[in-house]
Amino acid sequence: MPHILIVEDETIIRSALRRLLERNQYQVSEAGSVQEAQERFTIPTFDLIVSDLRLPGAPGTELIKLGQGTPVLIMTSYASLRSAVDSMKMGAVDYIAKPFDHDEMLQAVARILRDRQSVQASGEAVASKATNGSAKAGPDNSNGEIGIIGSCPPMQDLYGKIRKVAPTDSNVLIQGESGTGKELVARALHNLSKRAKAPMISVNCAAIPESLIESELFGHEKGAFTGASAGRAGLVEAADGGTLFLDEIGELPLEAQARLLRVLQEGEIRRVGSVQSQKVDVRLIAATHRDLKSLAKIGQFREDLYYRLHVIALKLPALRERGADVNEIANAFLARQSARINRTDLKFAADAEQAIRHYSWPGNVRELENAVERAVILSESPEISAELLGIDIELGDLEDDEFIGLPPQQGGGNSGNNNHEPTEDLSLEDYFQHFVLEHQDHMTETELARKLGVSRKCLWERRQRLGIPRRKTGVASES
């Protein structure tokens with residue numbers, strides 16, 4: 001069980017974080033300052049240190065040196081973003097803004113521990129090879145330095161390209177369906193680059209409202225718009241010296257695309273509301289599941305930006321195209337989830353192995369991970385069946401939980417269109433597509449999601465799957 005040290009002077013935050021981590025099967029120790037941590041513990045023996053940046057006495061960054069290689073995750077307020085980035089340059093493995101989301105914290109902790117384990121395994125393999133002499137070369141199944149599971153030919157080809165591209169500063173465009181693990185490829189490129197000790201800032205362009213995206217990316221000055229009570233650095237500025245990963249870049253508004261182009265061409269940014277530019281040194285990695293070249297032809301994506309991004313393109317295959325990798329990945333997820341609940345007896349039944357191999361996995365690796373996690377939690381016997389995984393081969397590309405609360409035959413506030421509403425024999429996907437096309441000209445994304453009984457994120461993901469682009473005009477911007 002991984003042992004984590006929390007160093008935080010605010011008792012309420014420290015206790016809440018300890019309970020969160022203990023509920024998720026981590027062993028936790030805590031201290032209120034660097035000095036207390038030194039007095040009570042042997043700091044290098046921990047698997048991870050989670051520390052506030054500002055502490056009584058020495059700052060949290062002091063633990064980077066005291067940890068002697070133990071990864072340090074820095075917590076900081078959003079207003080101290082610049083300080084957090086500086087702490088990463090000093091050797092912190094990552095930072096997280098307070099107040100943090102519980103899922104965000106757990107994902108960060110799991111990722112850091114997983115990366116640490118991969119590095120240790122890679123080091124042990126190298127040491128073993130040096131001791132035993134040259135061993136017979138075989139397929140690279142672990143890919144420890146890359147951190148991606150799978151050894152099918154398309155993935156082996158991808159690993160080779162990652163190793164060649166990573167040491168350069170060239171822009172990279174990662175293409176692949178939603179849920180295939182594009183951020184893992186971006187992180188591998190960053191970790192194998194000369195920028196590995198600098199921050200990697202990840203941004204999902206589809207998750208930020210259009211009205212806020214420029215401020216989030218490029219920052220703003222005090223008074224630049226209503227509510228801008230203080231100036232703030234943007235995420236591009238936070239990535240200075242490191243890597244900026246823009247996921248779903250096809251959803252970036254044209255105005256923000258123009259600003260991003262300036263970053264790539266001139267190496268400088270200008271905050272919203274400012275007349276001054278400042279230099280930045282960032283490597284851009286972008287990802288999309290859409291055809292940017294086709295979007296450029298119809299004016300929905302800047303052609304000059306497309307060619308700036310398309311210096312090197314990496315294609316990530318869908319899970320259904322990766323052969324036996326799907327079972328290898330499923331077993332890795334099973335081991336991880338079993339460890340979290342302290343069970344060592346779980347395994348897939350024969351029908352589950354078959355179902356995993358032959359199911360189309362429209363949600364790719366993300367869907368597989370969710371299915372395994374759900375099965376582990378619900379399992380009452382050592383064998384996990386196909387039924388417990390919730391796999392339905394015939395209705396595979398419908399995700400039940402995405403349509404919880406879907407109002408049958410709801411008109412969405414436009415009674416004049418009732419004669420166009422779908423009939424009862426339409427499928428859920430037909431209903432969704434019909435409803436969105438019928439009402440997106442006079443409803444915001446929030447209103448559409450509410451009428452359909454889903455989240456905005458779910459609405460966006462379903463749009464992508466069905467190829468229904470979001471209208472850029474016609475509806476007032478959402479605040």
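The accessible surface of the chain in this predicted model comes to about 23,300 Å², and carbon and sulfur atoms account for 49% of that area. Of the 479 residues that make up the chain, 47% count as buried. The chain contains 19 helices and 14 strands.

If residues up to four places away in sequence are not counted, the contacts of Leu246 are with Val203, Cys205, Leu217, Leu260, Leu284, Ile285, Ala286 and Ala287. One of these contacts of Leu246, Cys205, has a relative accessible area of 3% and is therefore buried, since the limit for a buried residue is under 20%.

Cys152, at 10% relative accessibility, counts as buried, as does Cys205 with its relative accessible area of 3%. The structure as a whole holds zero disulfides.

Gln337 lies in helix α13, which covers residues 325-340, and with a relative accessibility of 6% Gln337 counts as buried. Leaving aside residues up to four places away in sequence, Gln337 touches Glu373 and Val376. In helix α18, which covers residues 445-452, the buried residues include Glu445, Leu448, Ala449 and Leu452. These residues cover an arc of only 95° around the axis, and they are therefore placed on the same side of α18. Ala449, which is found in helix α18, has a relative accessible area of 2% and is thus buried. The C-alpha atom of Ala449 is separated by 9.4 Å from that of Val436, a residue 13 positions away along the chain.

The aromatic side chains were then compared in pairs. A pair of aromatic rings is described by two quantities, the distance of the centres and the angle of the planes. The count for this structure comes to three aromatic pairs. In the pair formed by Tyr306 and Tyr307, the ring centres are 5.0 Å apart and the planes stand at 65°; because an angle over 60 degrees counts as edge-to-face, this pair is assigned to that class. With regard to accessibility, Tyr306 counts as buried at 8%, whereas Tyr307, with a relative accessible area of 49%, is partly exposed. An edge-to-face arrangement is also found for Tyr359 and Trp361, whose rings lie 4.5 Å apart from centre to centre, with 80° between the planes. In this pair, Tyr359 counts as buried at 6% relative accessibility, and Trp361 likewise counts as buried, at 1%.

Key: Residues are numbered from 1 along each chain as its sequence is written. This is a predicted model: local features need pLDDT of at least 70, side-chain atom pairs count only at pLDDT 80 or more; totals for chains, interfaces and linings use all residues. Side-chain values use heavy atoms; hydrogens and water are left out. Rings of Phe, Tyr and Trp (its six-membered ring) pair if their centres lie within 6.5 Å; planes under 30 degrees apart count as stacked, over 60 as edge-to-face and the rest as tilted. Buried means under 20% relative accessible area, exposed over 50%, partly exposed in between (1.4 Å probe, protein chains only). Contact means heavy atoms within 4.5 Å. Helices (H or I, at least four residues) and strands (E, at least two) are DSSP runs, numbered from the N terminus. The arc is that of the directions from the helix axis to the C-beta atoms. Accessible areas come from the Shrake-Rupley method with a 1.4 Å probe; for residues, only the protein chains shown count as cover. A disulfide is a pair of cysteine sulfur atoms within 2.5 Å.
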